[in-house]
Amino acid sequence: MVFQMSIGNLINVIAIAIGTGICALNIFQISAGDWLKKEVKRYFQIFFGSVIVYILMHLVRQLLDGIDGSGVRVALFTTTFLEFLASGFMVYLISLLVTFSANAKHKKGIGIVLFALLVVHCVLLIAAQFGKFYYDFDAQNTYHRANLYLLSNLIHVAMMCLDIYILIRYRKNFKKRVAISLWVYLLAPLFAMLLQAFVADVQFIIIATIGGAAFMYTTIMQDQVEQYEQQKAESNRLETELGMASSIQADMLPNIFPAFPERPEFDVYASMNPAKEVGGDFYDFFLIDETHLGIVMADVSGKGVPAALFMMVSKILVQNYAMMTDSPAAALEAVNNQICLNNREEMFVTVWLGILDLESGKLISANAGHECPALYRPDTGFELVREKHGLVIGAMQGIKYRDFEITLPPDSKLFLYTDGVPEATNAKQQQFGTDAMLKTLREAQKQTPHEILNHVTESVSEFTHGADQFDDITMLCVHYKGMENQE
């Protein structure tokens, strides 16, 4: 068996070797690009894989053409089949890229048509293996085109015509350089076919395919890199702004402890751990006058920046109205009416508002759909305080709320929290629960508010054991020592 290497074949071999190397390097670069989307990676890996199969099979056919032998004959039919099959996949993949880049209105329908054309191409190609109406090899294993050879290109032409239509119809949807690269890839083979008519030995169609594919890939990757850098810059900007928003939100809440070192009759501590950079929970405590302490625990619907903005507005309103009345219910009614005046996003907030008389221990509170607080009395330990709930703030204008009154004995502790505590979820989708929260509180009930909150935080963290935090976790604890127990 002797291979006859003409000048034309030598040029073909060199071009195909270079093209195979380019395609292989592109596949390696694509696989190593962590910034590329999986879909983009997979697309170009399959595309360049098809190009490699196409040009290598074409080369093998050229080299084996005219060599005697039954084994050679089998190899010729196999390589030619794979060459024709790969060419169909290449045109199909380019058509998908054109359709996707154009963001065409009927993208799904066009995709179905393209897939149907590819199936027809494959079926006819398999049939041609038996009917030999595309191509055949004579007794000397020389390649010959059959009578229906042109039929093998009809599917390709149909897809390319569809591509050209899309490029023209949706030209405004393409970036200029991306459109140029697609036009080059589609038209380069046509010019190569014309040139082929004058120089038969050199396979200009192979050179045009490789060059067009490399140019198209380079252009699209450059566009992808620029998009990635823009997205990264935007992401960095958003992270910076979210960091500033988080700091602003943290500064909106009382965060200096001990909060009232000059007031020995009570101690207070609070914490907020948002699920995102910024959260919708908030707490507050403030002296209404020298003998009354306002206490707030709230949870805004939703998460992130919208909830944080709504939280800031709600916090200011609750504190302002609480300072103007001795009735938490009246304050919540005023806050609700004010928020409902301009709440087109239909957000809402659950609020527990209490006013503690520091002389008598009398606590008047109102609850707008919030969690029941837990109260520690020296003779009973921590227990939930069951009180009548009103509707959440922001749901409906004109809602009435009810004041609920209890008396805190000296050395009692009030624990307020949002649903992020009992609803903390582990990897098995089990919730921490109210019973576990009460158990945890009782374990630390003799400790300071700061220590109690730390103990609850540790217990929740141990329970969730690294599972994603889906809700803000906010807590507040007030230790009412009483006037007679002043240190």
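The model is predicted: local features need pLDDT of at least 70, side-chain atom pairs count only at pLDDT 80 or more, and totals for chains, interfaces and linings use all residues. Residues are numbered from 1 along each chain as its sequence is written, and side-chain values use heavy atoms, with hydrogens and water left out.

Five strands build an open sheet in the order S3-S12-S11-S8-S9, with antiparallel pairing. Strands (E, at least two residues) and helices (H or I, at least four) are DSSP runs, numbered from the N terminus. Two strands pair if DSSP finds at least two bridges between them. Strands S3 (266-273) and S9 (381-384) are the edges; each has a single partner strand, so one side of each lacks a neighbour in the sheet. From one strand to the next, the twist averages 15 degrees. Angles run from 0 to 180 degrees between N-to-C directions, and axes are lines fitted to C-alpha atoms, for helices over the stretch in contact. Strands S11 (residues 412-417) and S12 (residues 473-480) pair over six bridges. Here leucine 416 stands opposite leucine 476 in S12.

Helix H10 (residues 434-443) packs on this sheet. Helix H10 touches S8 (374-377), S9 and S11, and its direction makes about 155 degrees with that of S9. Contact means heavy atoms within 4.5 Å. Helix H11 (residues 449-464) lies across S3, S9, S11 and S12, and runs at about 150 degrees to S12.

Side chains of opposite charge can pair when their charged atoms come close. A salt bridge is a side-chain nitrogen of Lys or Arg within 4 Å of a carboxyl oxygen of Asp or Glu. By this rule, the count is nine salt bridges. One of them joins arginine 61 and glutamate 83 (2.9 Å, N to O). This pair links distant parts of the chain: arginine 61 is in helix H2 (residues 38-64) and glutamate 83 in helix H3 (residues 70-102), 22 residues apart. Both residues are buried. Buried means under 20% relative accessible area, exposed over 50%, and partly exposed in between (1.4 Å probe, protein chains only).

Lysine 315 bridges to aspartate 284, with the closest N and O atoms 3.3 Å apart. Lysine 315 lies in helix H8 (residues 304-322) and aspartate 284 in strand S4 (residues 281-289), 31 residues apart. Lysine 315 is buried, at 7% relative accessible area. Aspartate 284 is also buried, at 3%.
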